[in-house]
Amino acid sequence: MQATTHETTAQRATPGRPNPGRSGDRPAFDRPLHVGSPNIPDRRRLFERIERALDRGWLTNNGPLVREFEERLRRFTGAAHVLATSNGTTALEVLCRARGLSGEVIVPSFTYIATVHALQWQGLTPVFADIDPETGTLDPDHVQQLITPRTSGIVGVHLWGRPCRVDALQRIADDHGLALLYDAAHALGCELDGRAVGGFGDGEIFSFHATKFVNAFEGGAVATNDPELAERVARMRNFGFGPGREVLTCGTNAKMNEISAAMGLTALENIDEIIAANVLRHDHYQAGLAGIPGVRLRTPGTGEHNNHQYVVMEIDSTVTRVHRDELLTTLHAENVFAQKYFHPGVHRTPAYAQRPDVHQPLPLPGTEALAERVLVLPSGLAVSTSDVDRICEIVRSAVGRPAH
Ligand code: T4K
């Protein structure tokens, strides 16, 4: 199916009518184009599910829609167990706890703040490892160097849907008896050499936040092949209740509700069309940005299958006449709300940089370099291919001429 045919009338919003160029104070687009505009593929189906949930009078606490969502995710990812949660952050917190992490945990700084907060919030000490700037994912050599007697685990992030170097990281984890978890918030539907994300390490987490290509308003999930770990996660997300209503362990409330599951199920049913739409937009960006000196679109590596929810443009400001931040200002003025995902690295945020008790600063050259160079561009069903073409024209005219 042609991906664009999947845009509903409502989602197309005000026509993407770009102005031919900047005239006076009028921006190029007469509506804001956001990274992370929600995909809402089938409202009728969503409302049917919500109506039925309301009629049933069962709104949360492991309801039928949550169980169906988990089962569909299980089949989709191939993971033996999937446990839905209230969001991706609680999924990671519960998974860390259920896996028994303690002391130091090695994690990239080049990620969304939630990855690191989830550790810190559990009283764990995040130890920041560098990334390979080419892939954006953990550098296994640096991870190896950071292991101390206090290290209990590694949390990798499949950044922008690019799977980590899972085999190298697994070897390190096995050699040192460490837990290996993955933040797969960006990586539903992604694969490495035919192996689907969801089955790597001891466990992985997904996010179904409104801004994710499959969204549940707010939502998350833990995926694992380990039945005992799955059981602990199931208890801990529900106050520690066991199957017989006995409170077997300390727990929290990280449950997904039925309305979120209704949304998640509806999006999941349409995942192929959403990915096709993402690919189409990615291709338009690729063509539209081709040949601009100092600008390139990041693409998946060999053996990788990507969901293309993030369109990541890299700007080499030694070549372009503008810095990435100036380009961002230009785009904002045109109603194009690109995002600096992720700048600054978490280790530079006040929450961590000013807390030498929780974080000892280390040089992270790969992280610093990439954080200065990337911009994520609007995509998804709410952005048409002609919008994409126009965004590329804006980029080309802003950076197209060489600096000298
Ligand atoms: N790990 C990683 C690697 C993650 O990227 C994330 C979340 C997590 C863990 C945690 O998962 P959750 O606990 O969130 O399930 C946004 C999202 O809020 C966040 O979920 C996501 N990553 C991150 C990459 O993007 P912000 O701080 O940029 O959010 P905000 O409110 O500035 O929105 C971003 C853009 O989205 C705006 O341009 C407007 C647009 N938007 C947003 C919402 C909420 C919409 O168009 N509609 C909406 O309903 O983090």
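**A close look at helix H14 and its surroundings**

Analyst: In this predicted model, the buried residues of helix H14 pack against several elements, namely strand E1 (33–34), helix H10 (271–289), strand E11 (295–297), strand E13 (311–315), helix H11 (324–333) and strand E14 (336–337). The residues of H14 that are buried are Thr385, Asp387, Val388, Arg390, Ile391, Cys392, Ile394, Val395, Ala398 and Val399. The helix itself covers residues 385–399, and its 15 residues reach 21 Å from the first C-alpha to the last, which is close to the 21 Å expected at 1.5 Å a residue.

Helix H2 (residues 43–56) can be read in the same manner. Its 14 residues should span 20 Å at 1.5 Å a residue, and because its end C-alpha atoms are 20 Å apart, the two values agree. Within H2, the residues Leu46, Arg49, Ile50 and Ala53 are buried. Directly after H2 comes glycine 57, whose phi is positive, near 70°.

We can now turn to the sheet. Seven strands form an open sheet with mixed pairing, in the order E2-E10-E9-E6-E5-E3-E4. Its edge strands are E2 (81–85) and E4 (125–129), each of which pairs on one side only. From one strand to the next, the twist averages 25°. Within this sheet, strand E9 (residues 203–207) and strand E10 (residues 220–224) run antiparallel and are joined by four bridges; isoleucine 205, for example, has valine 222 in E10 as its bridge partner.

Helices also lie against these strands. Helix H7 (residues 166–176) packs on the sheet, where H7 touches strand E5 (151–157) and strand E6 (179–183), and the direction of H7 makes about 150° with that of E6. Helix H8 (residues 227–236), in turn, lies across E2 and E10 and runs at about 15° to E2.

Technical notes
Residues are numbered from 1 along each chain as its sequence is written. This is a predicted model: local features need pLDDT of at least 70, side-chain atom pairs count only at pLDDT 80 or more; totals for chains, interfaces and linings use all residues. Side-chain values use heavy atoms; hydrogens and water are left out. Two strands pair if DSSP finds at least two bridges between them. Helices (H or I, at least four residues) and strands (E, at least two) are DSSP runs, numbered from the N terminus. Axes are lines fitted to C-alpha atoms, for helices over the stretch in contact, and angles run from 0 to 180 degrees between N-to-C directions. Contact means heavy atoms within 4.5 Å. The expected span of a helix is 1.5 Å times one less than its number of residues. Buried means under 20% relative accessible area, exposed over 50%, partly exposed in between (1.4 Å probe, protein chains only).
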